[in-house]
Amino acid sequence: TCQYSAHRAPQCANWYRQKASPQQRVAILSGGFRGWEAQGLPVKPHSDESCADADEVAMQLGTQFVQVVHAHPGFTTLQAYAVPVA
């Protein structure tokens with residue numbers, strides 16, 4: 001696991017836990033996706049079409065996030081994720 005992912009995983013899990021129901025269990029995968037896959041756990045194969053759809057959604061969400069951050073420079077990352085975009 002790269003150093004960036006080793007930092008990002010617990011950070012994202014904590015952000016999610018703050019918003020989730022207290023009954024929701026939040027965990028971090030040991031070894032990340034590759035660790036999951038190496039254990040033989042289920043992985044849904046994707047088509048080229050689903051990759052393109054996922055890329056499009058990721059670009060839209062990323063663009064919206066950047067717009068919120070630029071519009072509210074004092075926001076933390078978590079606050080920026082919480083702002084609804086019209």
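Residues are numbered from 1 along each chain as its sequence is written, and side-chain values use heavy atoms, leaving out hydrogens and water. Because this model is predicted, local features need pLDDT of at least 70 and side-chain atom pairs count only at pLDDT 80 or more, while totals for chains, interfaces and linings use all residues.

**View 1. A nonpolar patch on the surface includes Phe33.** Patches take residues with over 30% relative accessible area and no salt bridge, joining nonpolar side chains (Val, Leu, Ile, Met, Phe, Trp, Tyr) within 5 Å and like charges within 9 Å. Phe33 sits in helix α2, residues 32-38 (helices are DSSP runs of H or I, at least four residues, numbered from the N terminus). With a relative accessible area of 44%, Phe33 is partly exposed (buried is under 20%, exposed over 50%, partly exposed in between; 1.4 Å probe, protein chains only).

**View 2. Glu37 and Arg34 form a salt bridge.** Their closest N and O atoms are 3.1 Å apart; the rule asks for a side-chain nitrogen of Lys or Arg within 4 Å of a carboxyl oxygen of Asp or Glu. Both residues belong to helix α2, three residues apart, about one turn of the helix. Glu37 is partly exposed at 36% relative accessibility, whereas Arg34 is exposed at 59%.

**View 3. Glu49, Asp53, Asp55 and Glu56 make up a negative surface patch.** Asp and Glu count as negative, Lys and Arg as positive, with His and the chain ends not counted; each charge is placed at CG of Asp, CD of Glu, NZ of Lys or CZ of Arg. Asp53 lies in helix α3, residues 48-71, and is partly exposed, with a relative accessible area of 44%.

Conventions: Accessible areas come from the Shrake-Rupley method with a 1.4 Å probe; for residues, only the protein chains shown count as cover. Helices (H or I, at least four residues) and strands (E, at least two) are DSSP runs, numbered from the N terminus.
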